[in-house]
Amino acid sequence: MEQRSREFLTLADEAIASPERAENRKALGAFMPQLRTQAIHNFGGEDDFSALRQDVKALREHALGHLAHYLEAFTQNARENGSTVNFARSGDELNNIVLDICARSEARRIAKGKSMITEETGLNSALEAAGFAVRETDLGEYIIQEAGETPSHIVGPALHKPQAEIRDLFLERHPLGDRELNDASEMVAEARKVLREDFLSADVGIIGSNALIAENGYSMLVTNEGNGDLCANLPPVLIICTSVDRVLPRADDAMAMLRLLVRSTTGQAVSCYTSFYAGPRKPGDVDGPLETHFVLLDNERSDILASDYAEMLQCIRCGACLNHCPVYMSAGGHAYGWVYPGPMGSVLTPLLTSLEDSGLLPDACTACGRCEEVCPAAIPIPDLLRDLREEKFTQGIVSRRWRAGVRLHGWLAAHPRLYQKITGLVVRLLHTLGGRKGIIKKLPFLGGWFAARDLPAPAAKTFQAMHQDSLRK
């Protein structure tokens with residue numbers, strides 16, 4: 001997937017200028033947090049949920065701290081189940097492994113379930129360039145594939161698209177004659193009808209994984225549509241693409257994580273489908289693939305694990321931080337310019353690519369702390385964003401003007417009396433500019449900031465000045 005993180009500000013401006021899509025995000029930001037709150041209440045309350053969150057955090061820390069051991073155990077058990085296990089150091093290597101499996105299988109048509117890893121590696125483009133017909137079967141992924149777009153949310157890839165756009169897209173792309181498609185249920189029924197042939201004719205199924213279980217070599221997949229099971233069981237060849245950090249010691253650990261995941265993702269107590277894949281079809285089985293292949297991606301994750309940002313690998317891809325982030329709600333997922341949007345993406349993208357290419361993302365934060373409050377993995381995302389900003393400054397990635405401004409502010413802060421005089425003058429000036437309404441609508445050199453907001457004028461004096469006046473009295 002082409003990275004456009006350098007264009008964050010431009011892409012965010014475009015998103016804000018699209019009122020219909022902005023309304024979609026506004027509704028998401030109002031609706032999804034309520035679902036999560038209700039799910040936690042039904043679970044037993046915030047205390048019980050927080051206790052489970054700390055337990056899962058501890059087991060994820062343990063698994064990542066002994067990653068080589070659990071990957072070896074998973075590999076051995078998966079191979080004993082009849083699966084093949086491949087490791088890919090980079091996105092290109094994963095794509096080449098999958099291409100080789102498809103070529104050896106003499107495949108032509110591929111049915112895919114939703115997978116952030118294959119978005120990360122650009123697998124679809126690689127498969128299509130090699131002549132394979134690839135069909136995304138998750139409804140949201142199918143919609144954006146037909147529209148030629150990329151996901152805007154890690155859970156709901158097409159949440160940015162208004163219903164009218166989807167209706168027009170289906171009428172254009174599906175040669176099914178005259179029809180109305182007046183509501184969502186009709187569109188879903190039509191998508192099911194169109195996709196059924198892709199499931200039945202696929203030579204290879206490709207899916208992701210929410211957890212790899214070391215003790216038995218199984219893979220766990222969580223979906224609400226069931227398309228993952230169809231991709232896994234109908235084609236003769238199954239390929240499971242995921243990253244090395246998804247491994248957990250036991251099935252019980254995966255189930256504990258699941259209790260956090262679904263409540264944080266959609267507010268459900270349990271997902272519609274939670275499936276465990278144990279390898280290829282055994283003698284006597286009535287269905288299932290004849291071959292099962294795992295392709296496990298590293299792609300900088302070993303380096304992240306050895307760094308100060310290792311906690312980010314505990315992310316379980318629930319999307320809660322996106323649903324609660326005011327920046328994501330304003331800018332939209334596409335503004336982040338790569339696979340992972342929102343707060344988690346603002347940390348992950350620079351780590352998986354580079355700070356040079358993604359340096360604007362750590363600044364896309366209001367420091368409100370909501371992402372850390374709702375993160376089921378209890379990841380201190382604001383702290384990691386601040387660390388990335390500090391690293392960016394240390395590496396000299398920020399502009400010279402910004403660096404000069406920070407140095408000037410630091411120098412002024414080291415001279416308190418001068419600082420107080422200058423801030424006092426600025427406060428009085430801004431107070432005067434605010435006039436009777438107390439609102440400032442523009443200032444020199446700040447046109448971009450004022451393009452979207454006004455500035456409430458400050459009081460006539462700083463707090464320190466008022467405090468000193470009170471002491472004199």
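**Largest cavity**

I sorted the lining of the largest cavity by residue class and found 12 nonpolar, five polar and one charged, where Ala, Val, Leu, Ile, Met, Phe, Trp, Tyr, Cys and Pro count as nonpolar, Asp, Glu, Lys and Arg as charged, and the others, Gly among them, as polar. I note that this is a predicted model, in which local features need pLDDT of at least 70 and side-chain atom pairs count only at pLDDT 80 or more, while totals for chains, interfaces and linings use all residues. Residues are numbered from 1 along each chain as its sequence is written, and side-chain values use heavy atoms, with hydrogens and water left out.

A cavity here is a set of points, on a 1 Å grid over the protein atoms alone, where a 1.4 Å probe fits but cannot get out, and lining residues have an atom within 4 Å of a point. Grid points are joined across faces, edges and corners, and a volume is the space filled by probe spheres set on the points. I looked up the volume of the largest cavity and read about 110 Å³; of the 18 residues that line it, Cys 325, Pro 343, Cys 365, Cys 368 and Cys 371 are the closest to its centre. Helix 15 (326-331), helix 16 (342-352), helix 18 and helix 19 each supply at least two lining residues, and helix 16 gives the most, with three. Helices (H or I, at least four residues) and strands (E, at least two) are DSSP runs, numbered from the N terminus.

I then checked the count, which comes to two cavities of 30 Å³ or more.

**Positive phi values**

I looked up Ala 378, which has a positive phi of about 55° although it is not a glycine. Ala 378 lies in the loop between helix 18 (370-374) and helix 19 (381-394) and counts as buried at 14% relative accessibility, buried meaning under 20% relative accessible area, exposed over 50% and partly exposed in between (1.4 Å probe, protein chains only). Glu 300 also carries a positive phi, near 80°, and sits in the loop between strand 10 (291-297) and helix 13 (301-305), where Glu 300 is partly exposed at 34%.

**Salt bridges**

I searched the whole structure and found 26 salt bridges, each a side-chain nitrogen of Lys or Arg within 4 Å of a carboxyl oxygen of Asp or Glu. Which parts of the chain does the salt bridge between Asp 363 and Lys 392 tie together? The two side chains meet at 2.4 Å, N to O; Asp 363 lies in the loop between helix 17 (355-358) and helix 18 and Lys 392 in helix 19, so the pair ties together parts that are 29 residues apart in sequence. Asp 363 is partly exposed at 39% relative accessibility, whereas Lys 392 is buried at 6%.

I also looked at Arg 472 and Asp 469, whose side chains meet in a salt bridge of 2.6 Å, N to O. Because they are three residues apart in helix 23 (residues 463-472), about one helical turn separates them. Arg 472 is exposed at 63% relative accessibility, and Asp 469 is partly exposed at 24%. My last entry is a network in which salt bridges that share partners join Arg 109, Arg 135, Glu 146, Arg 173 and Asp 198.

Methods
On a 1 Å grid over the protein atoms alone, a cavity is a set of points where a 1.4 Å probe fits but cannot get out, and a pocket is an open set with protein on both sides within 12 Å along at least five of seven lines; lining residues have an atom within 4 Å of a point.
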